[in-house]
Amino acid sequence: MRRPTDEDTLRKSRIEAAWKGQAECAGCTIRDLALFADLQAADFDLIHLPIDELEFSAGSTLYNAGDEGRALFTVRSGLVKLVQYLPDGGQRIVRLLRRGDTAGLEVLVGEAYEHSAVVLRPALVCRLPREVVKRLSVETPRLHTQLMKRWHAQVRQADEWLTGLSTGSARSRVARLFLHLSEVEPGCTPEPEVELFSREDLGAMLGVTTETASRVVADFRRSGLVTEVRSNRFRCHTDALRQAAGE
């Protein structure tokens, strides 16, 4: 059996550093969902910059719109909102990122960040240097395929957000948001429970005022479309919500 050389040892350490970094990627519970899901050990020999695991508290910012894009981010846990600020000082939330989602894909085509990524719920994320992802996307088809899937997923999500949460009455928009959240919450049941956001964030997601968002949610509670089981957590009565969503 050939004894390992110094070059073998160095190569192995680079692979392990890239694969683990501070993020322990090899043992990641969401590896099957993440951008690097299909990569094999040999692919990590192409990585020469660390992949860091970072914790962010609610209200923290991963990056701001217009910043030079130096990295992509994979959400391992928590919730991140992508925010677009309007000329009048208002804001619109254009997408929500959850476990396994990738933020900052636009940096791969040389663009600055298009939105501000703000943490809604405490989040654990992996920071992927732009140069690492660009090199892998060129040199291994496995990452290229994952990138194409994520571009497609973002386009689909943008379409769904536009048609589902930005059109119709305020009542129908709120109902669709409850249904959307109920579908992505783990352990979905016929009457799933969801955690709602601040009324300001609701307004920014749905394109309505904070007061309107508060009024509709209060009306849903009174009408039995949702039941508040504890502060800002609601049980969704999906049949009734579907009827309201179609109004």
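**Exercise 1.** Work out how strand 3 is joined to strand 5, and find the bridge partner of Phe73.

*Solution.* Bear in mind that this is a predicted model. Start with the link itself: strand 3 and strand 5 (residues 102-103) run antiparallel and are joined by two bridges. Then look across from Phe73, and you land on Ala103 in strand 5.

**Exercise 2.** Now do the pairing of strand 3 with strand 6, and say which residue partners Leu79.

*Solution.* Strand 6 covers residues 116-129, and its pairing with strand 3 is antiparallel, with 11 bridges. Leu79 has Arg121 of strand 6 as its bridge partner.

**Exercise 3.** Follow strand 3 into its hairpin with strand 4 and find the residue with a positive phi.

*Solution.* First the strands: strand 4 (residues 91-97) is antiparallel to strand 3, and six bridges hold the pairing. Next, Tyr85 sits opposite Gln91 of strand 4. Finally the turn: five residues lie between the strands, and Gly89 has a positive phi near 95°.

**Exercise 4.** Is strand 3 mostly covered or mostly open?

*Solution.* Count along residues 71-85: 11 of the 15 residues in strand 3 are buried, so by the under 20% cut-off the strand is mostly covered.

**Exercise 5.** Decide whether Ser172 is buried or exposed, and find what its side chain reaches.

*Solution.* Ser172 belongs to helix 4, residues 170-184. Its relative accessibility is 0%, so Ser172 counts as buried. As for the side chain of Ser172, it reaches the backbone oxygen of Ser169 at 2.8 Å.

Definitions and conventions
Residues are numbered from 1 along each chain as its sequence is written. This is a predicted model: local features need pLDDT of at least 70, side-chain atom pairs count only at pLDDT 80 or more; totals for chains, interfaces and linings use all residues. Side-chain values use heavy atoms; hydrogens and water are left out. Helices (H or I, at least four residues) and strands (E, at least two) are DSSP runs, numbered from the N terminus. Buried means under 20% relative accessible area, exposed over 50%, partly exposed in between (1.4 Å probe, protein chains only). A polar contact is a pair of N or O atoms within 3.5 Å; within protein, one must be able to donate a hydrogen and the other to accept it, and residues adjacent in sequence count only if both atoms are side-chain atoms. Two strands pair if DSSP finds at least two bridges between them.
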